[in-house]
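Hi,

Here is the structure I promised to pass on. Have a look at it first, and my notes on what turned up follow below.

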Amino acid sequence: MSITFKHTIIHVLDQSMGMPLLSTDLLTLNDETESFITRHLIKIFESTSSCEAVFKESAELPNLLSGPLTEDVFMQLTSDITQVFYRYMTEYENIPSGDLVCTSFMIDGNNYFGILKLNYKEEYTHYVDQVEGSVITRIIKNKGIFPAASKQVDEGMIVSLEDFKVALLDNSKGKYLSLMFDLEPALSVKDTVKAIEKVATKVIEQHYDNPISAMTEFKQNMAETIAHSQTIPVQEILEQTFGEDEEVFESCVQHMEELGLKETRVEVADPKIGNKYNFQKLKTDTGIEVKLPTHLFKDPDFIEIVNEPNGTISIVLKNISQIINK
């Protein structure tokens, strides 16, 4: 993904200063800073924690972005946005200090406006001081370190200036960006997967005497579908897992419809999401934890769940040629 930057600026949102520090000039980009900002912007597009969002009719930002984004307009707009951020930080105590990077850029001929909030973290470094000809080196704690380019920022958003659709990333405790910018966010891929799992778990626990077997089948269907199509077609997963039992299937469909997920087809770009369904983790009331391959779980030649006469459960592992102590 190649990004061409037009205007970029950084404003300071340090609550210890008592006010925002607004830059009066654009940020000069060299190769390193351009790469740093680019990698954070790409993470907003690609993160499973990001979601699509649309502006409400009451939102002001689309109107402000609808005209030519000249340097003067950009400077004033980003100053106003920074003031709003600082007001929210003052009113909501759980928003940490940081710097606000605002940028207008192009990808494949399309124009975007992006915001990155770089929250501070504390790290130790050295400080060199010269006193009367002597060089004194100290270890100090720097409280204004940015997140590394390899990490993901907690808050950020990218607005397409073609259709004003938004890629929103808000991992803050207060989830305040939607409120600040009058946005209606959809569920992120990560949250959608969690919702599907929650519904499936609830339905299985309510309707199945052997929830372990049913949950294994659900996870196996998820793993195979993601591996084959890089998507989660919710309706198809429900039919594969619960289609033979009409009561259970209808219960699951109802719960999915309440969350607006029934007809959802979730694109899964991150292979980690599919990989986690390749294993079934079990924890017993005796404190034993077992991690079993999902595709072997229902094969009685390798794994067998035995309901004992005294009401307890036994897990029998078969055809093992070697045990490695880890």
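N319 sits in the segment after strand 15, in what is a predicted model. Its phi is near 55°, a positive value in a residue other than glycine. With a relative accessible area of 60%, N319 is exposed. I323 is found in that segment after strand 15 (313-317) too, and at 74% relative accessibility I323 also counts as exposed. I323 belongs to a nonpolar surface patch of about 500 Å², which it makes together with I313, I315, L317 and I320.

Where does the other positive phi I noted, that of D108, turn up? D108 has its place in the loop between strand 3 and strand 4. Phi of D108 is near 55°, again a positive value in a residue other than glycine. D108 counts as exposed because its relative accessibility is 72%, and the cut-off for exposed is over 50%.

Now for helix 1. It covers residues 31-46, so 16 residues, and at 1.5 Å a residue these should span 22 Å. The C-alpha atoms at its ends are 22 Å apart, which agrees. Buried residues in helix 1 are I37, T38, H40, L41, I42 and I44. What covers them? Strand 1 (4-13), strand 3 (98-107) and strand 4 (110-119) are among the elements that do, and so are strand 7 (155-160) and strand 8 (166-170).

Further along, T225 lies in helix 6 (residues 211-229). T225 has a relative accessible area of 12%, so it is buried. Leaving out residues up to four places away in sequence, T225 touches Q230, T231, P233, I237 and Q240.

On to the charges. How many salt bridges does the structure hold? There are 5, and here are three of them:

- E91 with R87: the closest N and O atoms are 3.7 Å apart. Both residues lie in helix 3 (residues 71-91), 4 residues apart, about one turn of the helix. E91 is partly exposed at a relative accessible area of 48%, and R87 is partly exposed at 43%.
- D129 with R138: their side chains meet at 3.6 Å, N to O. D129 is partly exposed, with a relative accessible area of 22%, and R138 is partly exposed too, with 38%.
- E289 with K283: the closest N and O atoms are 4.0 Å apart. Both of these residues are exposed.

Last, the cysteines. A disulfide needs two cysteine sulfur atoms within 2.5 Å, and by this rule the count comes to 0 disulfides. C51 is in no disulfide, since the nearest cysteine sulfur, that of C102, is 19 Å away. Is C51 buried or exposed? At 12% relative accessibility, C51 counts as buried, because the cut-off for buried is under 20%. C252 is buried as well, with a relative accessible area of 0%.

That is what I have for now.

Cheers

Conventions: Residues numbered from 1 in each chain as written. Predicted model: local features only at pLDDT ≥ 70, side-chain atom pairs only at ≥ 80, totals over all residues. Heavy atoms only, no water. Buried < 20%, exposed > 50% of the residue type's maximum accessible area, 1.4 Å probe, protein only. Patch = residues over 30% accessible without salt bridge, like charges linked within 9 Å, V, L, I, M, F, W, Y side chains within 5 Å. Areas by Shrake-Rupley, 256 points an atom, 1.4 Å probe, with all protein chains shown as cover. Helix = DSSP H or I, 4+ residues; strand = E, 2+ residues; numbered from the N terminus. Contact = heavy atoms within 4.5 Å. Expected span 1.5 Å × (residues − 1).
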